Amino acid sequence: MNSGRDGVATSKKRVVCPRCHYPEKQCICHLVVSISGDTTVWIIQDKLEAKHAKNSARLFKLCYANTNVVAFSDSSAMQCFYEQVDVDAAVLLYPSDTATAIEVLDEDKAKQIRHVILLDGTWPKAKKMFLTDNRLKRFKTVNFAAPPMSHYEIRKSPNAKALSTLEAAAYCLEALGSLQMSNVRNFFSEVIELQWQLQPDSHKHRTSKEIKSG
Ligand SMILES: [Zn+2]
């Protein structure tokens, strides 16, 4: 898919909304809900994931302004990320051998968490990021004991268990105890529904794949 930059026509016919980055005719800004919180969400993004016009990290950031998306391939941005995040007040969502279920984190520990870090990309890419940058191993890792079913996967891909980045980030913030994110999940469902409706039948299979990967 030909994704464009802010407000710039990617072709003579297609103009992209500067806020949501969707083609103007598919703008989702009217659906966006706004949730504010003190915990900063860091989404470390694989190069290929960033190119997806519809990646769900971007959708999450629209709803939760305290989100930073960092390109893994950008070494200075990564350096800046490490400088800003206090290791003792951060958790990294990654299923390492020593990961703790986020749902059962000690309540006092959960209250200290100010930074939630997610690796955004396919599972092999996320694993590669974790294994190639030793600095990521400083963080306490968490996983999900009982993640909710993905709304999107239920509908489009019943065999896949992975949550989208948006759903995973929302679940982390809820598990840490301070926020209720059902509006964000509803927003995601509405976006998917809208995209689905706007696609001609011949494109629906391809669109399903594009959204799923985010
Ligand atoms: Zn828009």
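## Helix H7 and its cover

In this predicted model, helix H7 is mostly covered, with 10 of its 11 residues buried (a residue is buried if 20 or more other C-beta atoms, placed from the backbone, lie within 10 Å of its own). The buried residues of H7 are Thr 165, Leu 166, Glu 167, Ala 168, Ala 169, Ala 170, Tyr 171, Cys 172, Leu 173 and Ala 175. The cover over these buried residues includes strand S1 (40-45), H2, S3, S5 and H8, where helices (H or I, at least four residues) and strands (E, at least two) are DSSP runs numbered from the N terminus. Just after H7, Gly 177 takes a positive phi of about 100°.

Residues are numbered from 1 along each chain as its sequence is written. Because the model is predicted, local features need pLDDT of at least 70 and side-chain atom pairs count only at pLDDT 80 or more, while totals for chains, interfaces and linings use all residues.

## Helix H2 against H7

The axes of H2 and H7 (residues 165-175) come within 7 Å and cross at roughly 45°; axes here are lines fitted to C-alpha atoms, for helices over the stretch in contact, and angles run from 0 to 180 degrees between N-to-C directions. H2 and H7 are therefore oblique to each other (angles under 35 degrees count as roughly parallel, over 145 as roughly antiparallel, 65 to 115 as roughly perpendicular and the rest as oblique).

On the H2 side, Ser 56, Ala 57, Leu 59 and Phe 60 meet Thr 165, Leu 166 and Ala 169 of H7, two residues being in contact if their C-beta atoms, placed from the backbone, lie within 7 Å. By class, this contact of H2 with H7 has 5 nonpolar, 2 polar and no charged residues (Ala, Val, Leu, Ile, Met, Phe, Trp, Tyr, Cys and Pro count as nonpolar, Asp, Glu, Lys and Arg as charged, and the others, Gly among them, as polar).

## Helix H2 against H8

The axes of H2 (residues 56-63) and H8 (residues 182-198) come within 11 Å and cross at roughly 130°, and H2 and H8 are therefore oblique to each other. In H2, Ser 56, Leu 59 and Cys 63 meet Val 184, Phe 187, Phe 188 and Val 191 of H8. The residues of the contact of H2 with H8 divide into 6 nonpolar, 1 polar and no charged.

## The sheet

The 6 strands form an open sheet in the order S2-S1-S5-S3-S6-S4, with parallel pairing; two strands pair if DSSP finds at least two bridges between them. The edge strands, each pairing on one side only, are S2 (67-71) and S4 (100-101).

Strand S3 (residues 90-93) pairs with S5 (residues 115-120) in the parallel sense over 4 bridges, and the bridge partner of Leu 92 in S5 is Ile 117. S3 also pairs in the parallel sense with S6 (residues 140-143), over 3 bridges, where Leu 93 stands opposite Val 142 in S6.

## The chain as a whole

The protein chain has 9 helices and 6 strands, and 30% of its 214 residues count as buried. Among contacts in the chain with a separation of 6 or more, residues 24 or more positions apart account for 71%.

How values were computed: A residue is buried if 20 or more other C-beta atoms lie within 10 Å of its own, exposed if 12 or fewer, and partly exposed in between; C-beta atoms are placed from the backbone.
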